[in-house]
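Subject: Handover of a structure

Dear colleague,

I am passing the structure below on to you, and my notes on what was found in it follow directly after. Please read them with the model open beside you.

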There are 2 protein chains.
Amino acid sequence: MNSANDTEIFNLKIYLSKQKSHVEVALNDAMPNEDTRPTELHKAMRYAAFTGGKRIRPILCLAACKAICGDNSSAIYSAMAIETLHTYTLVHDDLPSMDDDIERRGKPTVHVVYGEANAVLTGDALQALAFELIAKSTTSPEQTVMLIKELATAAGSCGVVGGQIEDLAAIGQTDKELIHWIHLHKTADLFYAAVRMGGIAANASTEELAALGKYGQSLGLAFQIIDDILDEEPNESTSTIQNSETTCLATHTPEEAKLLASNYISKAMTALKVLPQNNLAPLKAIAEFVIERTI
Amino acid sequence: MNSANDTEIFNLKIYLSKQKSHVEVALNDAMPNEDTRPTELHKAMRYAAFTGGKRIRPILCLAACKAICGDNSSAIYSAMAIETLHTYTLVHDDLPSMDDDIERRGKPTVHVVYGEANAVLTGDALQALAFELIAKSTTSPEQTVMLIKELATAAGSCGVVGGQIEDLAAIGQTDKELIHWIHLHKTADLFYAAVRMGGIAANASTEELAALGKYGQSLGLAFQIIDDILDEEPNESTSTIQNSETTCLATHTPEEAKLLASNYISKAMTALKVLPQNNLAPLKAIAEFVIERTI
């Protein structure tokens, strides 16, 4: 069976639904209970974590693990950590001092429900939880240290936080290189880390990790471009990932942007060629799904 | 040479000055350069990290490592991580939505200089950096994973973030148990983690780690009580660690509070008895210094 057939017979909708449920069950077990003190904080953390996200990052992490012939159990803590970290960035991005969003995925944002100070602290606690979850990983200590490095780098000042601060400063800018830099760090760094962490959990080789990283980074860049396009074409069925002020549509026509995203998806597909070909159907189908969101 | 003599001949002032300098040189090397993009964020991170703190937590980490016959180099990344994490909590605690402090250690707070959104992101990046620093530790992978667990637990929703959220909610409260809970988590948890992390870096036994933990927790509780007392007795030479609204002076007279702090210091000293007695002078002298701040 070749990989093209793999993708044809692979039902992405069922796969995404199953993996989303798997991640959410695990997260529900792993997150602090609402009855545990401080109860208000734990309620806010759960409110933030369970607001109907697509769980695309943790699903990519699990899919990358599977691609290197690992199993879900070795990557589930990484998957949860990636999602917890992503959730904290959304809580902080929505703050009045940042994007000042009062609604996310059709529900009031954390600071609207719990107050601004509590929303800052909810994000802070979620970030700490992300690292706590990795430390509980069933991977070897060597792998766990690698996982911490991946997540901390993606999360830090040269990763998503760096992307967000440049995004805030870039309102009204039309510098292509700057917008690419923002997309790379605000969005793609976490996709990059998600698939590499799945690979690390499956004991991937350096070459395999590099390929997964290229796939994740290209996919993340395409994802952000498509998101920018969807932001311009309101569609009730599509929730916005980040209410970015800096969009690639400031520098590209929608057609050019679609072509750019399509090129990134081609790069992502090409990167997969050096990997074992047996278990690539999920990664391929997710890449196709990201670009098809424009059609 | 017995331990009493050790303390007598030990010059704490010189020790603190030397270790503070050691921590600051290491931090200066380890923190992202101001010329590296995003430059504004890196400037703000360095501004927050170099505002004249006493570096008591990283010094305790190094002293605990020495107490278990380890050397500075095995604990220096943990020491930096503890200080970086502490720094992020100060940046967020000072925010307008929290304590709304415009000055810390005689200098404008981060949000005053860099704006509120950037201050949130500066704290976020510092927290990620704390975990990145531990992941770079020269300890064994097994030790590094233990270090991550210690820091993440102390940093999380049942640690300093939990303490801060209950502190914000407790304004005007006079419930002794509640105030103790807040002190325990807002302040003592990071002291607890600091000394245990020093111990882990020196390969301490479970019994030694428990003793270090008791020392750190008791010292942290005494430290917060003394801080509450000093807050009530303005003294230009003493900078406030946290501008807490919830003070033990709401439930105790200053004399009762001093006695309580003194009892915690005695507990801290007692905890040290199970440790090797050769290298305890710094930990003992720091405990005495904490209580002497009231005289």
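To begin with a term that the notes rely on, pLDDT is the predictor's confidence in each residue, from 0 to 100. This is a predicted model, in which local features need pLDDT of at least 70 and side-chain atom pairs count only at pLDDT 80 or more, while totals for chains, interfaces and linings use all residues. Residues are numbered from 1 along each chain as its sequence is written, and chains are lettered from A and ligands numbered from 1 in the order in which they are written.

On confidence, chain A has an average pLDDT of 92, with 92% of its residues scoring at least 70. Residues 1–7 of chain A stay under 50, and the model gives them nine contacts beyond four places in sequence, where two residues are in contact if their C-beta atoms, placed from the backbone, lie within 7 Å. Residues 235–244 of chain A are likewise below 50, with eleven contacts beyond near neighbours in sequence. Where pLDDT is low, the predicted coordinates should not be read in detail. For the complex, the predictor gives an ipTM of 0.94 and a pTM of 0.94.

Turning to the fold, chain A consists of 13 helices and two strands in its secondary structure (DSSP runs, H or I of at least four residues for helices and E of at least two for strands, numbered from the N terminus). Of its 295 residues, 56% count as buried, that is, with 20 or more other C-beta atoms, placed from the backbone, within 10 Å of their own.

As for how the chains are related, chain B can be laid on chain A with an RMSD of 0.0 Å by a turn of 180° and a shift of 0.0 Å along the axis (superposed by least squares on the C-alpha atoms of residues with pLDDT of at least 70 in both). That is the relation of a two-fold axis, and B:Pro141 is the residue of chain B that comes closest to the rotation axis, with its C-alpha at 2.6 Å.

At the interface, 42 residues of chain B are in contact with 42 residues of chain A. Helix 7 of chain B gives the most to the side of chain B that touches chain A, with 13 residues. Because 100% of the interface residues of chain B are also interface residues in chain A, the copies meet through the same surface.

With best regards

How values were computed
Buried ≥ 20, exposed ≤ 12 C-beta atoms within 10 Å, placed from the backbone.
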